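Here are my notes on this model, point by point. Please keep the structure open while reading.

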Amino acid sequence: MHDLATPPPASSLCLPGIPRSSERMHSGERWIGIDDVDGMPPFFTTAVGDNECWLFAGSNGPLCAGRRDPELALFPYVNADRILDHARSAGFLTCVQLDGGRLWEPWSDQPALHPRQRSLHRHELGAGLLFSETDLDSSLELAAELATCQRFGLVRRVALTNRGTQTVRVRVLDGFHRLVPPGVGTATWASYSYLAQAYMRHERVPGQRAALYTLNAAITDRAEPCEVLRCAAAWWLGPPGASTLLSTRQVDAFRAGAATTDEDEVRGATGALLCDLTLTIEPGETVRWLTGADTGLDQAEAAALVALINRADAAAEVEDAIACDRVGLRARLAAHDGLSLTGDRGDDDAHRSATLFNLMRGGVLPADLTVSRADFAAWLAGRNRAIAERARDAIAAWPEHLPLTALAECAGECNDPQLERLAGSWLPLAFSRRHGDPSRPWNRFAISLFDRDGRPRSSWQGNWRDIFQNWEALALSFPSALPAMIATFLDASSADGYNPYRVTSEGLDWEVPEDGPWSNFGYWGDHQIVYLTRLLESAVVHHPGWIEARLARCAHASADVPYRIRPYAELCADPHHGVRFDHAAHDAAMARCTQLGSDGRLLPGPDGQPLLLSLAEKLLIPVLAKLSNLVPGAGIWLNTRRPEWNDANNALVGWGCSLVTVFQLHRHLALLRRVTAEAAELPLSAATAQFLDGLAAALLAADAASCRDAQARKTVMDRLGAIGQRHRERVYARDLGAIAAVPAARLRAFLDAAAAAIDATLT
C-alpha cells in the first residue's frame with residue numbers, strides 16, 4: 001500500500017476551533033480541505049471517479065453511494081437532510097477501545113469527552129474524500145480515504161497511526177454498516193423500509209472476511225414466484241482479527257468491552273461488514289487495512305470478486321485499480337483543458353473543479369474525436385430501426401473508426417436524408433449524467449459508461465438548460481463537435497417554437513402530469529434563444545460559412561411534444577394554466593416509439609418518418625414563437641406554465657414578462673441578420689412562411705406608442721397573439737403545408753421589423 005499521509009504540523013493539533021482551509025499530502029497525492037470541519041454546520045459533498053460509481057457524503061461522516069443510478073444504492077438513498085442528521089446514519093463505522101477502557105469513536109456524533117481534531121479533504125482531482133480524526137490524548141490518528149473504481153466499486157483505505165511516543169494497544173471495530181441489497185429501490189425504501197429489512201438475508205463467505213447481501217425474494221404482494229438474482233458484496237483486507245460481523249447487533253457489546261462472535265448469516269436487518277481486531281502500535285507506526293463494497297453483481301461477478309479478494313495480491317490489485325481510475329480521470333480533464341495552470345494555485349483548483357463538474361453534466365468527448373462504427377450503428381438502431389436496417393450494408397462498409405467530421409460525409413454519400421440527419425447529430429459523448437443527488441429527488445441521474453459486455457459506450461443525458469450550457473464550454477475545447485451540438489439542439493426543439501424538458505443520447509423526453517407538488521409540465525422557453533445563440537456564435541467563429549451553406553438544407557426534425565398551448569383568448573383569461581397535456585398525442589408518440597425507436601417522439605411526416613425541415617426554418621421558429629408573445633415595452637409574456645430563466649422567475653409565470661429574453665432576442669436577431677445576408681431564397685413550410693409574414697406586418701404596424709399606451713399595447717398583443725394561435729393550430733393539426741422557396745427579402749423584412757420592435761421595448 002501507499003505510504004501514510006504526511007502528518008499535520010504540531011501547531012494544527014489543537015482543540016476544535018474556527019474551521020480553516022488546508023492542504024496535505026496523502027498517499028503521495030495532494031488533498032485540499034478543511035481542518036476543524038466539525039466546527040461548521042454539516043454539508044454535502046461528493047467524490048468522482050472514472051467509472052460508473054457515485055458517492056455522496058456528509059461532512060460529518062455519513063455516506064450514500066452506489067452504481068449507475070439511485071436504484072443501485074449501497075446505502076439507503078434518502079433525502080440529504082436524513083443523511084446529514086446523524087453521523088452514523090449509514091456508511092462507515094469505527095469504534096476504538098483504548099488502554100484503560102476508554103472508548104474513542106471517530107466521526108461519531110457523540111459529544112467529545114476528550115480533545116480531538118477532525119479534518120475533511122478532497123483529492124485534488126475530486127477523486128476521493130479523506131476523513132481524518134486525531135484523538136489528542138492518545139495521539140492516535142485515523143485517516144480513512146473513500147474512493148471508487150470500476151473494478152471494485154466503493155473502496156475505503158484506512159490508516160491508524162500512533163503519533164505519540166508511547167506504545168499503544170487498542171481494540172478496533174471497523175467497517176461498513178447499513179448496507180442494502182439490490183431490489184430495494186428508492187420508492188420501496190421510502191415507504192416500506194421496515195418491511196424491506198424483513199426480506200434481507202446476508203451471508204459471510206466461508207473462511208473469508210467477505211459477505212454477500214441479498215433479498216430472499218422480490219418485495220411484492222403478488223401471488224407469483226419472484227427472485228432477485230443480483231447481490232451486493234463487501235470485503236475486508238488487513239490484519240487478522242477476532243471476529244467478523246454482518247450486522248450492528250453486537251456493536252453495543254463491543255462498546256461495553258465484551259467479546260464479539262462471528263456472524264455467518266443475518267436476516268431481517270440491513271447489512272454490515274465490521275471486523276474486530278486487536279492491535280499493538282509502536283510510536284510512529286501505522287497499521288493499514290482496506291474495506292470495499294459493490295452492488296448489482298450477478299452470480300458470476302460475485303464469484304469472481306470473492307475469488308479475487310482471497311488472492312494474496314488482492315490489496316495490490318485494489319491499489320492498482322484506484323491508481324488507474326485516477327489516471328483515467330486526469331486524462332479526461334487534460335483532454336478538455338481542465339489542467340491549465342496559472343500563477344495562482346487557487347485559481348487552478350477552481351478551474352479544474354469547474355471543468356470536472358462541467359464534464360459530468362455535458363459529457364466527455366474522445367481526445368481524437370473518433371467515432372466507433374459499431375457504437376454509431378448500435379445507437380442508430382435505438383433511434384430509428386427502419387433507417388438502421390436500410391443503411392446496414394452501407395454502414396458496414398465504413399471504416400471501423402472514423403473522424404467525427406467524416407461521419408456526416410459518409411452518411412451524405414448514401415443519399416438518405418434521414419440517415420444524414422441522424423449522423424449529423426451523433427455525438428460520441430460519455431461520462432455525462434443529469435445533475436442530481438439526494439437533495440434533488442426529482443432529478444434522477446444515471447451513469448452509463450459501458451455496455452453489457454463491458455465495452456465503453458457513448459451515453460449522455462441532461463435537462464435542456466444543463467446540457468446546452470455545458471456544451472457551450474465543451475465546444476471551446478472541441479469546436480469540431482459544434483455542428484452536431486447545434487443539430488441536436490434544433491432536432492429536439494418543437495415545431496411550435498419551444499423545447500422539451502430533457503434531452504439525452506437516446507432521444508428527448510417531456511414531463512407527464514402526475515400527482516404531487518413536483519409534478520408539472522410546460523415549456524421552458526428562454527433556453528431556446530440564449531444557448532442556441534451562443535452555439536451559433538461559436539460556429540460562426542470556428543466554422544465560417546457553415547451556417548450559410550446549410551440554411552437551405554432540409555435535414556432537421558422537430559420534437560412532437562404533446563403540449564397544447566391554449567387559444568389566445570383563454571391565455572388572457574387564465575395565463576397560469578395556458579398549456580394542456582394532450583394524452584392522445586402522447587400515447588401516439590409512445591406507440592411510434594414502440595414501432596420505430598426513440599425517433600417516434602419526433603413530429604412525423606407523411607411517410608411516418610420524422611418530418612424534415614430546413615435549417616433556416618428551425619432557426620426562425622423559436623424567434624417567431626417568442627415575438628408572438630411580445631408585450632411592447634414590457635417583455636416576453638410567460639404563458640407556457642414554466643418560467644423564463646428558471647427559478648428566479650417562477651413567481652412571474654402567467655402574469656409576468658421576461659425582459660432578459662428580450663435582450664437575448666436582440667443578440668439573436670443580429671446573428672440571424674448576419675448569416676442570412678447573402679441568401680437569395682430559403683425553403684420554408686407554408687405554415688411558417690405565413691407565420692413570418694403575419695408577424696412582420698403586425699410588428700411594422702406597431703408604433704412607439706404601443707410601448708407607452710396601454711390600449712395601443714393591448715392592440716399589438718391581440719394581433720400578435722392571434723397570429724401565434726393560427727400557427728399553433730396548424731402545427732397541432734399536422735398541417736404545416738408544402739415546403740417552398742421563400743425570397744430571403746421577406747425574411748430580412750421580418751428581421752428588420754423584429755429588431756425595431758425589440759429596440760423599442762428595450763429603450
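1. Start with a helix pair. Helix α14 (residues 527-542) packs against helix α18 (residues 615-627) at an angle of about 145 degrees. Their axes lie 11 Å apart. The crossing of α14 and α18 is left-handed. Bear in mind that this is a predicted model.

2. Which residues make the contact between α14 and α18? From α14 come Gln528, Ile529, Leu532 and Leu536. From α18 come Leu619, Pro622, Val623 and Lys626. By type, the residues of this contact divide into six nonpolar, one polar and one charged.

3. Next, helix α13, which spans residues 482-491. The helix is mostly covered, with nine of its 10 residues buried. Buried here means under 20% relative accessible area. The buried set in α13 includes Leu482, Met485, Ile486, Phe489 and Leu490.

4. Now the strands. β3, β4 and β5 form an open sheet, in that order, with antiparallel pairing. β3 (44-47) and β5 (63-67) stand at the edges. Each has a single partner strand, so one side of each is left without a neighbour in the sheet. From one strand to the next, the twist averages 15 degrees.

5. Look at the β3 pairing in more detail. β3 and β4 (residues 53-58) are antiparallel and pair over four bridges. Within this pairing, Thr46 stands opposite Phe56 of β4.

6. Strand β8 covers residues 116-123. How many of its eight residues are buried? The count is seven, so the strand is mostly covered by the cut-off of under 20% relative accessible area. As background, side chains in a regular strand alternate between the two faces of the sheet.

7. β8 pairs with β2 and with β9. Five bridges join β8 to strand β2 (residues 29-35), and the two run antiparallel. Trp31 stands opposite His123 of β8. The pairing of β8 with β9 (residues 129-135) is also antiparallel, over seven bridges. There, Arg122 stands opposite Leu129 of β9.

8. What do β8 and β9 form together? They make a hairpin, with five residues between the strands. Check Gly126 in the turn: its phi is positive, at about 85 degrees.

Conventions:
Residues are numbered from 1 along each chain as its sequence is written. This is a predicted model: local features need pLDDT of at least 70, side-chain atom pairs count only at pLDDT 80 or more; totals for chains, interfaces and linings use all residues. Side-chain values use heavy atoms; hydrogens and water are left out. Buried means under 20% relative accessible area, exposed over 50%, partly exposed in between (1.4 Å probe, protein chains only). Two strands pair if DSSP finds at least two bridges between them. Axes are lines fitted to C-alpha atoms, for helices over the stretch in contact, and angles run from 0 to 180 degrees between N-to-C directions. A crossing is left-handed if the near helix is turned anticlockwise from the far one by less than a right angle, and right-handed if clockwise. Contact means heavy atoms within 4.5 Å. Ala, Val, Leu, Ile, Met, Phe, Trp, Tyr, Cys and Pro count as nonpolar, Asp, Glu, Lys and Arg as charged, and the others, Gly among them, as polar.
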